[in-house]
Amino acid sequence: MDGAGVRRFLLGLAPWVGAVLLWYGVRWSGFVNASLIPAPHQVAAKFFELLTRENLLLDVFVSTRRVFLGVLLGILAAVPVGFLLGWYRPARTFADPMINFFRALPPIALIPLVIVYFGVDEVAKLVILFYAAFFSGVIVMYEGVSQITPLYIRVAQTLGASQIEIFRKVIIPLTVPHILTALRVALGVAWATLVASELIAAQRGLGAMIQNASTYFLLDVIYVGIICIGLIALIMDMILRKISARLLVWQERAVA
Amino acid sequence: MRKRAQFDHVSLAFDTLKGRLNVVEDVSYDIHDGDFIAVIGPSGCGKTTMMSMLAGFQKPTTGKVLFDGRPVEGPGPERGVIFQEYGVFPWLTVRQNIGFGLTLKANHVPAAERDAICDHYLELMGLADFANSYPKHLSGGMRQRLAIARAYAVKPQFLLMDEPFGALDAQTRANMQNLLLRVLATEGKTVMLITHSVEEAIYLASRIVVVTARPARIKEIIEVPFPYPRDETIQERPEFGELRSHIRQLVMDEYRAQQAQMRPVSFSE
């Protein structure tokens, strides 16, 4: 690593060190009952205990798979729908209020209905995550697509492009940035919804782990679960940002 | 000489909330093969709309716009357009931008020839050093040259240019005008140029169409007496000066007419 790389790494690390110090600080300050705040080292110890004895990796895997599938399916549906809404103004006038209505509903409020219609299996959890990913993705897609200027399409037409060529060579490249943004937003929302989705009688998963721990007041387990969710979400976002930076080198504003 | 484009009693009007808005009114003129037509008039007068009808983006309300004897139905590669906003594709490199039209089915360019054509225009437009750069790294003048190269690469015999040098500084603008004259001398094209610069119109065009404030009607069609090839020295000639003051007078009259049409702005509120 060169000098600049080291500096950037340290700069990125500093707030984490700060957060841990603050955590210790609050615990030792005496303002809060120490039994309500497990110390960072206790949480770390719990983490290793869960990892070795309780198969924490399985929870991580189950949750990550749920989020991944929910986001994947949600975005697969959101891309064409968002594209149509952004592209055809009448479609937007037609569907906009409806979309905003459903988007405003918190997924957690839908859980009783989801249980009634989809049961308590894996499908039910996926439906909740799909819902969250779809509506956040659709908004990003159609806001983005509706801002594409017709200039590039006109240019392509004057050069002799057919409808199919315009779609393939102009519209798709202009849509890619919005798909990537939709993915990032949906991923964030899906992780936020995960705990709610795992409220539905989940056996394993980070959300289920947190739910179960809260029943027995195992604060250290709750901390481990929260930190795991945050870390995985952070890693996924970093990967997406790397991919974006690679795909969108042409953009004026660097993504990463 | 063969007629390429014809405006035959062309009018265009929009229905707006405040009523009918006439943009172009009863315009008739012909553009012959090899002509360089400059259309000049006050800004917002409907010059661009005129070009837009020939490009195939808008249809006249009444009258006919013909290209090679047939009514214009839509845009096509035989009529190259250079837009005021350039419209270079930001997601493609300079070379890919130039090659864009060559990869389209309608132009029938064999893959083996594409590279040579790209190289030719990269060289001609002085963009060779930036062949693999993205447009975000180019200056305004370079983006304009790229837009021209991209339009030229598909070899349209007819070029429509909408204030192509309007956003450039004076030096770059002069350079681009000379480059355009050089390229036209070797590649022989018919051009319709929309501009609001009187000097640019006289320097480049063989015929100048002066249009009125909105709705755009033809005020006068002026033959420019200078033979091609031209260079900057013609701008020093007395005839150039006379022509310039004549056209400036016409354009200024229309500018004043346009100002008079507008409601005076009130600051009393």
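This is a predicted model: local features need pLDDT of at least 70, side-chain atom pairs count only at pLDDT 80 or more; totals for chains, interfaces and linings use all residues.
How many residues of domain 1 of chain B are in contact with domain 2 of chain B?

**Chain B as a whole**

The C-alpha trace extends over about 60 × 50 × 45 Å along its principal axes. A compact globule of 269 residues would have a radius of gyration near 18 Å, so the 19 Å of chain B agrees with that expectation. Buried residues make up 41% of the 269 in chain B. Of the contacts in chain B between residues at least 6 apart in sequence, 70% connect residues at least 24 apart.

**The two domains of chain B**

Colour residues 1-78 and 160-234 of chain B as domain 1, and residues 88-155 as domain 2. The C-alpha centres of these two domains of chain B are 24 Å apart. Now the opening question can be settled: eight residues of domain 1 of chain B are in contact with eight residues of domain 2 of chain B. On the domain 1 side, the touching residues comprise seven nonpolar, one polar and no charged residues.

Next, select strand 4 (residues 62-67) of chain B together with strand 1 (residues 3-16) of chain B; the two pair in the antiparallel sense over five bridges. Within this pairing, show B:Gln6, which stands opposite B:Leu66 of strand 4.

**The nonpolar cores**

Which residues touch the most other members of the largest nonpolar core? Select B:Ile37, B:Leu54, B:Ala205 and B:Ile208, which hold that position in a core of 81 residues. Helix 4 (residues 140-153) of chain B supplies the largest share of this core, with eight residues. In soluble globular proteins, nonpolar side chains tend to be buried together.

Centre the view on B:Leu54. Leaving aside residues up to four places away in sequence, B:Leu54 touches B:Ala5, B:Val65, B:Phe67, B:Val72, B:Arg79, B:Leu160 and B:Met192.

**Where the chains meet**

Display both chains and select the contact between them, to which chain B gives 23 residues and chain A gives 15 residues. On the chain B side, the largest share, three residues, comes from strand 6 (residues 79-82) of chain B. By class, the side of chain B that touches chain A has 14 nonpolar, five polar and four charged residues.

**Chain A**

Finally, select chain A and colour its domain 1 (1-37) apart from its domain 2 (38-247). The centres of these domains of chain A, taken over C-alpha atoms, are separated by 29 Å. Their contact involves six residues from domain 1 of chain A and four residues from domain 2 of chain A. The side of domain 1 of chain A that touches domain 2 of chain A has five nonpolar, no polar and one charged residues.

Definitions and conventions
Residues are numbered from 1 along each chain as its sequence is written. Chains are lettered from A and ligands numbered from 1 in the order in which they are written. Domain bounds come from an automatic or database domain assignment. Two residues are in contact if their C-beta atoms, placed from the backbone, lie within 7 Å. Ala, Val, Leu, Ile, Met, Phe, Trp, Tyr, Cys and Pro count as nonpolar, Asp, Glu, Lys and Arg as charged, and the others, Gly among them, as polar. The radius of gyration is taken over C-alpha atoms; the globule rule is 2.2 Å times the number of residues to the power 0.38. A residue is buried if 20 or more other C-beta atoms lie within 10 Å of its own, exposed if 12 or fewer, and partly exposed in between; C-beta atoms are placed from the backbone. A nonpolar core is a set of buried Ala, Val, Leu, Ile, Met, Phe, Trp, Tyr and Cys residues joined through C-beta atoms within 7 Å. Helices (H or I, at least four residues) and strands (E, at least two) are DSSP runs, numbered from the N terminus. Two strands pair if DSSP finds at least two bridges between them.
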